Amino acid sequence: MAASSVFRPGLFNNKVAIVTGGGTGIGRAISNELLELGEHRRPKGARVPRGAQSFKAQSCCVVISSRKLERLEKAAEEMREKIPPSSPARVSLQPCNIRDEDEVSAPCRRPVLPPPSLTVKALVSSVLKQFGRIDYLVNNGGGQFSSPAEHISSKGWKAVVDTNLTGTFHCCKEVYAAWMKQNGGAIVNIIADMWKGFPGMAHTGAARAAVDNLTKSLAIEWASSGVRVNAVAPGTIFSKTAMENYKELGPNLFKRSIPFSPAKRLGVPEEISSTVCFLLSPAASYISGATLKVDAGQSLYRSMWEIPDHEAWPAAPEGENLEALRELLKPPSKL
Ligand SMILES: CCCCCCCCC/C=C/C(=O)SCCNC(=O)CCNC(=O)[C@H](O)C(C)(C)COP(=O)(O)OP(=O)(O)OC[C@H]1O[C@@H](n2cnc3c(N)ncnc32)[C@H](O)[C@@H]1OP(=O)(O)O
Ligand SMILES: NC(=O)C1=CN([C@@H]2O[C@H](COP(=O)(O)OP(=O)(O)OC[C@H]3O[C@@H](n4cnc5c(N)ncnc54)[C@H](OP(=O)(O)O)[C@@H]3O)[C@@H](O)[C@H]2O)C=CC1
């Protein structure tokens, strides 16, 4: 029997996708996968199938969007270099801060180069103007800093919640209102391994848990428009940009994470992008409101947060069970 005919080259043909944070790390891998530029998918030395000019012969249009223009330009340039001239695949970039919802200005009408940073509303309207449709939205843009909860300032809390929760909401709402309500589509939200809380990153844990719940609400509210909404919860995934976000703490943070993965290695962005693209694709046509953990079982395993030995816990109530426990814990008597 041939393998599934659903997951095949050309799957995202003529589709238009917005990938926030699409120029780096996981977002870059998702964009590559949608554009079918992922060399890792082709075994070394494998021949291009007969009838297709190449694995890259047909593909979709991917709009990568985040705050930093230079990063976007470099990423788009590198992706474009890999797209063969015969391919209809297109990558377009648009600076946007997902925290900014409203169309405070309409910069896409100004003939300026480089493109100005847009609000979410302006981003969506600019993509529709350019490509005429939005089939997929991947809410991948986001992040946080590490800090014990007691040291997170109100401004820092707000920055992380605004980015990861409110930014995701802005993008979902706008894409739905402007296109998917009438035309259907698929949305994937990237969250995190916050299933045991997220000590050391409480702000992002709270925001991502909220996005997990938002995913379920939207899956139901938007079902009648033919919109599927799912989430992916990655384990610890290594990329240079993810590491650099934590400055001098980064290398150690990622190295220290290795023993906490049942795989005893970190994941890489290409191990997340395949799941995201599966959820976007017709292969997942009956999946909505789901969160797929892509973490090698990390969420079922040990927490990285060390609890020092202490005697601060309230005492247990007196009684025969406590007596028996004290007996059990008594140091063995010397003979
Ligand atoms: C340990 C657990 C095991 C963890 C185990 C290891 C797991 C690793 C899992 C990895 C998960 C990933 O997501 S890796 C992906 C990482 N990538 C990213 O995070 C990229 C995006 N991140 C960001 O842009 C930033 O981190 C974020 C804070 C969200 C937004 O930054 P902005 O530039 O918009 O905002 P800023 O102006 O810098 O900061 C706003 C305020 O936030 C606070 N703030 C910002 N950085 C701060 C910092 N390093 N320490 C304290 N506070 C900080 C300050 O109050 C800032 O105000 P002022 O004081 O006035 O300046
Ligand atoms: N790596 C990991 O272990 C894990 C990552 N994740 C999440 O996966 C996603 C991708 O992370 P990863 O690729 O690893 O790390 P990166 O740091 O490479 O990616 C984060 C991306 O988000 C963009 N971004 C951040 N803030 C905004 C904003 N306000 N508006 C628009 N774009 C923004 C950044 O671009 P720019 O700075 O240009 O805005 C960047 O491209 C993030 O949400 C991350 O938190 C979740 C679990 C684990």
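A residue counts as near a molecule if its C-beta atom, placed from the backbone, lies within 6 Å of it. Keep that cut-off in mind on this tour of a predicted model.

**Stop one: ligand 1.** Select ligand 1 and the 19 residues around it. Those that come nearest are Gly143, Phe145, Gly156, Gly200 and Ala242. Now colour the elements that give two or more residues to this shell: α4 (154-183), α6 (240-245) and α7 (250-257). Which of them gives the most? Helix α4 does, with 5 residues. Next, colour the shell of ligand 1 by class. You will find 7 nonpolar, 11 polar and 1 charged residues.

**Stop two: ligand 2.** Move to ligand 2, which 30 residues surround. Pick out the closest: Gly21, Gly25, Arg67, Gly141 and Gly142. Three elements to show here are α1 (25-34), α4 and α6, which each give two or more residues to the shell around ligand 2. By class, the ligand 2 shell holds 8 nonpolar, 18 polar and 4 charged residues.

**Stop three: strands β2 and β3.** Select residues 61-65 for β2, then β3. The two strands run parallel, joined by 4 bridges. Zoom in on Val63: its bridge partner in β3 is Ser92. Then trace the chain from β2 through helix α2 (residues 69-82) to β3. This β-α-β crossover is right-handed.

Select residues 90-93. Which residues lie on the covered face? They are Val91 and Leu93. Arg90 and Ser92 make up the uncovered face.

Methods
Residues numbered from 1 in each chain as written. Chains lettered and ligands numbered in written order. Predicted model: local features only at pLDDT ≥ 70, side-chain atom pairs only at ≥ 80, totals over all residues. Nonpolar A, V, L, I, M, F, W, Y, C, P; charged D, E, K, R; others polar. Buried ≥ 20, exposed ≤ 12 C-beta atoms within 10 Å, placed from the backbone. Pairing = 2+ DSSP bridges. Right-handed = clockwise from strand over helix to strand, strands pointing away.
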